[in-house]
Amino acid sequence: MKVFGINEFAARFPNALFGMIYCLTLYYIGKKHFSPSFGLLWAILFYGTLLPHMYFKSGIIDPVFNYFIFLSIYWMIRVMENSNTPVMFSILSGIFSAASVLTKGPVGFLLLALCFVVYVVLSKGKKWPKFRDISLFLAGFFTLISIWIIAEFWQNSTQNLIKFIEYQIDLFNNPVAGHGQPFYYHFLVVFIGCFRISVFALPAFGNKYTKEIPISFGFWMKILFWVVMILFSLSTTKIIHYSSMAYLPLSFFGCFYWLLSYFCICFTGVWK
């Protein structure tokens, strides 16, 4: 807004920009780990679905917030699934997690942490990051967070920091935004708002096609989806965009099973 002024264009511009960044990111991930056709279709299905498309035309902060969370989880997956990954992967996971926290609040780190805990539990503790990777993640995370805290403390002491923390706690525990809805609210919103990929993705929640996914990336996406849906269903404040993080894993499964069922395309990418 300092560049364009306080107006509608300035409010919507970041999300429009990130809409393009999302498409490029999904294409890159799909191409690298599956195939170019998968990456292209994933980007098209995600951006062409009603709710994601609407959000990239909005002025809310969640598209940017979700992007940083998704990348923090993506780099964590790269670390967890390969013991010989470059040290930069752990640092990137920490930096993007910190960026999500600075964008909207500690829920950014909470989603990453919950996905990690669920993954470790479901894998019965067989998959665990090295001490080096944990240290590098924390270094990247706290370095970026510390820069902001020092600047904020220098200008306003602890006043705004305390108010920020209190608001985040109140937001989760109480319907401060005036949007109390039934438990199934987000499931209904995602199913209808993400039609038709929500229908394509339905087989992902059974066991019939699970074995067809060639890498554990699908396992992580399933964890991410359920963590988001359950966490925000438990929250007393229910706003439509709270479950928007679920659009990414849902579009992944919608793309995969659509290709698998209708075109029988073989994925030649290798997870590495």
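## An enclosed helix

Helix 4 (residues 62-80) is largely enclosed by the rest of the structure, because 19 of its 19 residues are buried. Here buried means under 20% relative accessible area, exposed means over 50%, and partly exposed lies in between, with a 1.4 Å probe and protein chains only. From its first C-alpha to its last, helix 4 reaches 26 Å, close to the 27 Å expected at 1.5 Å a residue; the expected span is 1.5 Å times one less than the number of residues.

## Basis of the description

This is a predicted model, in which local features need pLDDT of at least 70 and side-chain atom pairs count only at pLDDT 80 or more, while totals for chains, interfaces and linings use all residues. Residues are numbered from 1 along each chain as its sequence is written, and side-chain values use heavy atoms, with hydrogens and water left out.

## Overall organisation

The protein chain has 12 helices and zero strands. Helices (H or I, at least four residues) and strands (E, at least two) are DSSP runs, numbered from the N terminus. Of the 272 residues of the chain, 46% count as buried.

Among contacts between residues at least 6 apart in sequence, 79% join residues at least 24 apart; a contact means heavy atoms within 4.5 Å. The accessible surface of the chain comes to about 13900 Å², and 71% of this surface belongs to carbon and sulfur atoms. Accessible areas come from the Shrake-Rupley method with a 1.4 Å probe, and for residues only the protein chains shown count as cover.

## Salt bridges

Side chains of opposite charge can pair when their charged atoms come close. A search of the whole structure finds three salt bridges, each defined as a side-chain nitrogen of Lys or Arg within 4 Å of a carboxyl oxygen of Asp or Glu. In one of them, Asp62 pairs with Lys104, the closest N and O atoms being 2.8 Å apart. This pair links distant parts of the chain, 42 residues apart: Asp62 lies in helix 4, and Lys104 in the loop between helix 5 (87-103) and helix 6 (107-122). Asp62 is buried at 5% relative accessibility, whereas Lys104 is partly exposed at 25%.

Glu8 forms a salt bridge with Arg12, with 2.7 Å between the closest N and O atoms. Glu8 and Arg12 are separated by about one helical turn, because they are four residues apart in helix 1 (residues 8-33). Glu8 is exposed, at 52% relative accessible area, and Arg12 is partly exposed, at 37%. Arg132 forms a salt bridge with Asp133, where the closest N and O atoms are 2.9 Å apart. Arg132 is partly exposed at 33% relative accessibility, while Asp133 is buried at 6%.

## A nonpolar surface patch

Tyr184, Leu188, Phe191, Ile192, Phe195, Val199 and Leu202 make a nonpolar surface patch of about 690 Å². Patches are made of residues with over 30% relative accessible area and no salt bridge; like charges are joined within 9 Å, and nonpolar side chains (Val, Leu, Ile, Met, Phe, Trp, Tyr) within 5 Å. Helix 9 (residues 185-193) provides the largest share of the patch, three residues. Phe195 is found in the loop between helix 9 and helix 10 (197-200), and it is partly exposed at 46% relative accessibility.

## Cysteines

The structure holds zero disulfides, a disulfide being a pair of cysteine sulfur atoms within 2.5 Å. Cys23 is partly exposed, with a relative accessible area of 22%, whereas Cys115 is buried, with 1%.
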